[in-house]
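Hi,

Here is the structure I said I would pass on. Have a look first, and my notes follow below.

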Amino acid sequence: MDIQLKRGLLDVCVLAAIKNEDSYGYKIIKDMKPYIELSESTLYTILKRLEIANMLTVRTAEHDGRLRKYYRITDAGLRRIEEFKSEWKEVVSIYRFVVKEDSHE
Amino acid sequence: MNKEEFLNGLGNALAGLPQDEVNERIAFYGEMIDDHIEEGASESDAVAAIGSVEEIASQIIAEIPITKIVKERIKPKRSLRAWEIILIILGFPLWFPLVVAAFAVLLSLYIVLWSLVISLWAVEISLWASAPACIAASVVGFVHGNIFFGLMLLGCGLFIAGISIFLFFGCVAATKGTVTLTKKIALGIKSMFIKKES
């Protein structure tokens with residue numbers, strides 16, 4: 001897939017993974033797995049980018065005698081998801097157009 | 001490989017990066033490994049699931065802008081003493097041209113590489129253009145009744161056309177090779193700054 005497109009999609013996927021409850025790295029990857037494979041390094045980059053963009057906040061909490069980082073979505077992050085939903089309608093209509101062009105051949 | 005070996009290896013591979021960033025990444029991968037273990041994986045399986053140190057390090061290095069790496073690298077470990085600063089300033093007429101010259105030499109080597117590729121394409125285009133020209137001239141030869149002249153030009157035209165088709169693949173390969181080399185050089189320069197001094 002085109003890198004720019006994939007990057008944008010993954011950002012929204014990660015936001016969706018923490019939308020309903022705070023989550024941590026391992027769980028985010030596990031939750032996304034049925035839909036899209038994500039490597040740890042890629043997740044790190046995405047989380048960092050979203051944190052800088054103020055779309056999520058990070059807190060460190062103790063879990064089972066060790067530290068774990070939990071990620072919480074912000075209002076800006078929720079807005080991004082909504083934005084994506086409305087953008088997606090446009091993408092779908094572009095897709096329909098592309099597919100239609102194909103069937104004429 | 002166990003968790004400690006993995007995290008130490010990663011720390012060494014990223015030694016040239018800002019220390020907080022290295023620590024943060026090590027904590028991140030450590031947490032990942034612990035979570036894999038908590039889900040029932042053995043320690044070595046958990047480490048294997050994350051990937052190899054080299055792979056992860058080179059991916060991280062490729063993502064970080066080179067300016068950040070160089071800035072971290074040239075940042076002195078301690079503040080400079082007065083005489084060192086004076087020396088740097090006095091030495092400026094000497095070291096500055098040297099740095100510029102070294103940079104210029106490397107840059108020109110790189111440009112030479114691309115000019116080779118461009119000249120290859122120029123040959124390709126000229127062959128490609130001359131093939132139809134030869135064939136057209138052969139037609140003129142035939143029309144004027146000069147059969148041998150026409151045949152010779154026709155042969156030349158087809159021959160050149162054949163070579164230009166072959167050369168096209170060579171040109172594409174050379175261009176791709178140079179682009180790959182450029183990426184490798186960029187990665188090489190970055191890792192030069194990142195690898196721990198041994």
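Before the helix packing, a word on how angles work here: axes are lines fitted to C-alpha atoms, for helices over the stretch in contact, and angles run from 0 to 180 degrees between N-to-C directions. Helices (H or I, at least four residues) are DSSP runs numbered from the N terminus.

This is a predicted model, where local features need pLDDT of at least 70, side-chain atom pairs count only at pLDDT 80 or more, and totals for chains, interfaces and linings use all residues. Residues count from 1 along each chain as its sequence is written, while chains are lettered from A and ligands numbered from 1 in the order in which they are written.

Now chain B. Its helices H7 (residues 92-143) and H8 (residues 147-194) pack at about 160 degrees, with axes 7 Å apart. That makes H7(B) roughly antiparallel to H8(B) (the label for angles over 145 degrees). Their contact is made up of 25 nonpolar, 9 polar and 1 charged residues (nonpolar being Ala, Val, Leu, Ile, Met, Phe, Trp, Tyr, Cys and Pro, charged Asp, Glu, Lys and Arg, and polar the others, Gly among them).

As for the partner, 14 residues of chain B are in contact with 10 of chain A (C-beta atoms, placed from the backbone, within 7 Å). On chain B's side, the largest share, 8 residues, comes from H2(B).

Within chain B, H5 (residues 66-74) is lowest, at a mean of 72, and H7(B) highest, at 92. The model scores ipTM 0.82 and pTM 0.59.

Cheers

Key:
Two residues are in contact if their C-beta atoms, placed from the backbone, lie within 7 Å. Helices (H or I, at least four residues) and strands (E, at least two) are DSSP runs, numbered from the N terminus. Angles under 35 degrees count as roughly parallel, over 145 as roughly antiparallel, 65 to 115 as roughly perpendicular and the rest as oblique. pLDDT is the predictor's confidence in each residue, from 0 to 100.
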